[in-house]
Amino acid sequence: MLRTGTEIRSYYSIREIAEGVEEEIEAYRIAADEYSQWLGSFLRDAESTTEDKEDLKRLKDLQKGKIKKTKKEKKSKKTQESDLWIQLGDLSLTSAMQGEAEILFYAVEEINKKIEKLENARESIKKLEESGLGSNVVYVTLICDGVPMKIVVHPKREGELDNKFHYEADFSILEEIQ
């Protein structure tokens with residue numbers, strides 16, 4: 001589902017929170033896999049179309065996490081970005097092939113960090129589940145970009161759950177005329 005932003009949600013069981021975390025982990029894993037495949041395809045295509053072997057080597061090093069910086073690049077990150085990227089307000093633009101590889105690497109890296117945070121949250125939720133707080137509790141949860149960050153636990157107020165699930169239906173049966 002990949003929730004983004006900040007929200008507060010009320011849960012009526014720890015299991016409900018855990019299921020939400022599992023769904024987020026799975027969604028992020030699918031996204032990471034999709035971007036990794038895109039990156040692999042991009043690098044294979046770059047290998048067959050790139051005439052500049054230095055650019056290709058740099059892309060492969062970037063993929064392996066072995067970015068070798070020249071003296072000019074070591075001076076400052078700003079200098080490195082200004083060579084490849086053009087600042088347009090809050091956006092950075094480039095037409096360089098390396099730019100696409102960089103944003104794919106960045107996305108995969110950020111998604112993997114998010115998965116790690118979610119897995120840590122899952123472990124914390126397991127500990128919370130083991131604490132045995134009971135079923136008459138509401139978990140008011142602060143969620144930032146899909147990751148539960150803080151939980152306020154309070155007893156359910158009388159009728160709190162009952163009012164949330166109310167179903168009413170009218171049925172009518174037609175009599176068959178012979």
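Figure 1. An α-helix has 3.6 residues a turn, so residues three or four places apart point the same way. Rings of Phe, Tyr and Trp (for Trp, the six-membered ring) are paired if their centres lie within 6.5 Å, and planes under 30 degrees apart are called stacked, over 60 edge-to-face and the rest tilted. By this rule the count is one aromatic pair. The ring centres of Tyr35 and Trp38 are 6.2 Å apart and the planes meet at 50°, so this pair is tilted.

**Figure 2. The predicted model as a whole.** This is a predicted model, in which local features need pLDDT of at least 70 and side-chain atom pairs count only at pLDDT 80 or more, whereas totals for chains, interfaces and linings use all residues. Residues are numbered from 1 along each chain as its sequence is written, and side-chain values use heavy atoms, with hydrogens and water left out. The protein chain contains six helices and five strands, which follow one another along the sequence as β-α-α-α-α-β-β-α-β-β-α. Of its 178 residues, 28% count as buried. The mean pLDDT, the predictor's confidence in each residue from 0 to 100, is 79 for the protein chain, and 68% of the residues reach 70 or more. Over residues 67-82 the pLDDT is below 50, and this stretch has 14 contacts in the model beyond near neighbours in sequence, a contact being heavy atoms within 4.5 Å.

**Figure 3. Helix H5 and its buried residue Gln98.** At 1.5 Å a residue, the 34 residues of helix H5 (residues 97-130) should span 50 Å, and the end C-alpha atoms are 51 Å apart, which agrees; the expected span is 1.5 Å times one less than the number of residues in the helix. Among the buried residues of H5 are Leu104, Phe105, Val108 and Ile111. Gln98, also placed in H5, is buried with a relative accessible area of 15%. The C-alpha atoms of Gln98 and Leu84 are separated by 8.3 Å, although these residues are 14 residues apart along the chain. Just after H5, Gly132 takes a positive phi of about 70°.

Figure 4. Ser13 is found in the loop between strand E1 (6-11) and H1, and is partly exposed, with a relative accessible area of 27%. The side chain of Ser13 reaches the backbone nitrogen of Glu16 at 3.1 Å. Such a polar contact is a pair of N or O atoms within 3.5 Å; within protein, one must be able to donate a hydrogen and the other to accept it, and residues adjacent in sequence count only if both atoms are side-chain atoms. Ser13 and Glu129 lie 116 residues apart in sequence, yet their C-alpha atoms are 9.1 Å apart in space.

Figure 5. Thr141 lies in strand E4 (residues 137-144) and is buried, with a relative accessible area of 1%. The side chain of Thr141 reaches the backbone oxygen of Tyr139 at 3.2 Å. Leaving aside residues up to four places away in sequence, Thr141 touches several residues, including Glu7, Ile8, Ile17 and Ile151. Asp145 lies in the loop between E4 and strand E5 (147-155), and has a positive phi of about 50° although it is not a glycine. With 32% relative accessibility, Asp145 counts as partly exposed.

Methods. Helix = DSSP H or I, 4+ residues; strand = E, 2+ residues; numbered from the N terminus. Buried < 20%, exposed > 50% of the residue type's maximum accessible area, 1.4 Å probe, protein only.
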